[in-house]
Amino acid sequence: MLTLYKIALAPALLLQGSHLRRTALRLPEAAGPRSGLFGAAGDTAAAPLRLLFVGDSSAAGVGVDWQHEAMPHQAAEIVASRLNRPVHWQLLAKSGANTWEAAGLLRAHERELEFELHHPFDIVVTALGVNDVTSQHSARRFVADYASLLQAVRERTGAFRAVVSGLPPMRSLPAAPQPLRWYLGQCASRLDQALHRFCASDANLRFVSLGWAKAHEMAADKFHPGKGQYRQWAEMVAEQVIALVQLSPSSIGPSAAAVEFNRYESTRVS
């Protein structure tokens, strides 16, 4: 049904999308360090918890001025405080990246990560999906790309557990006019639901819904989270990171990411 609406609304969607790309306010990524350590390693017998954040412009903190106001920095700080444990965090993020392109960030920053891999990461936190909507990726491809990304993260960094952020409610995106806003909202909802189901199939994954985000609390570009939204998001991510830390070690077996990626690849080849 959504495909029929896309065809019927194509002239308006193309015109509005082109206008939005030309006129949208473009904010920079948040300034400041993209890695750090909370809590001195000598303060406790516990080894530092190592968190890797991978994502798009929202992970990079577009909408706030400084990294300490963005989600990754705040989430790592909250986890360290609540666990009373040192937390080392690192951010790999690029504005405009979709989920498939995010895997390229791992390859592009492999040398940067080389030192870190002497002490593998424990948990990866992802923030992706909006650019998959604007790239018009199907829910099936989106989930397969997410599975591929998580597999790459696990193979390259050792992080077997992940906190996966859902998509924001693009149906209320103030930067986009109607009917483009409605259409993007429908597409985002499809991808968000598929991602939620995917995460529910793997005990090593935790899903963080962003469906609570309100339009009037967004940044000046009316597209990215505002300062308060980044704080709330960080609180929710920290809660799920702590939940994963408290899990007993999982048994070795095929992850949902591996199963989903292999299923998608087999259907593409056949």
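Predicted model: local features only at pLDDT ≥ 70, side-chain atom pairs only at ≥ 80, totals over all residues.
Contact here means heavy atoms within 4.5 Å.

Helix α3 has 13 residues, and its first and last C-alpha atoms are 18 Å apart, close to the 18 Å expected at 1.5 Å a residue. Its buried residues are M71, P72, H73, Q74, A75, A76, I78, V79 and A80. These buried residues pack against the strands β1 (35–38), β2, β3 (87–93) and β4, and also against helix α9. Just after α3, N84 adopts a positive phi of about 50 degrees.

Helix α9 spans residues 227–245, which makes 19 residues, and it reaches 27 Å from first C-alpha to last, close to the 27 Å expected at 1.5 Å a residue. Buried residues of α9 include Y230, W233, A234, V237 and V241. The buried part of α9 packs against β2 (49–55), β4 (123–127), β5 (161–165) and β6 (205–208), as well as α3 (71–83).

How do the two helices meet? Two packed helices are described by the angle between their axes and the distance between the axes. The axes of α3 and α9 come within 8 Å and cross at roughly 45 degrees. The two helices are therefore oblique to each other, and α3 passes α9 in a right-handed crossing. On the α3 side, the contact is made by M71, Q74, A75, I78, V79, R82 and L83.

Notes. Residues numbered from 1 in each chain as written. Heavy atoms only, no water. Helix = DSSP H or I, 4+ residues; strand = E, 2+ residues; numbered from the N terminus. Expected span 1.5 Å × (residues − 1). Buried < 20%, exposed > 50% of the residue type's maximum accessible area, 1.4 Å probe, protein only. Axes fitted to C-alpha atoms, helices over the stretch in contact; angles between N-to-C directions. Parallel < 35°, antiparallel > 145°, perpendicular 65-115°, else oblique. Left-handed = near helix turned anticlockwise from the far one by under 90°.
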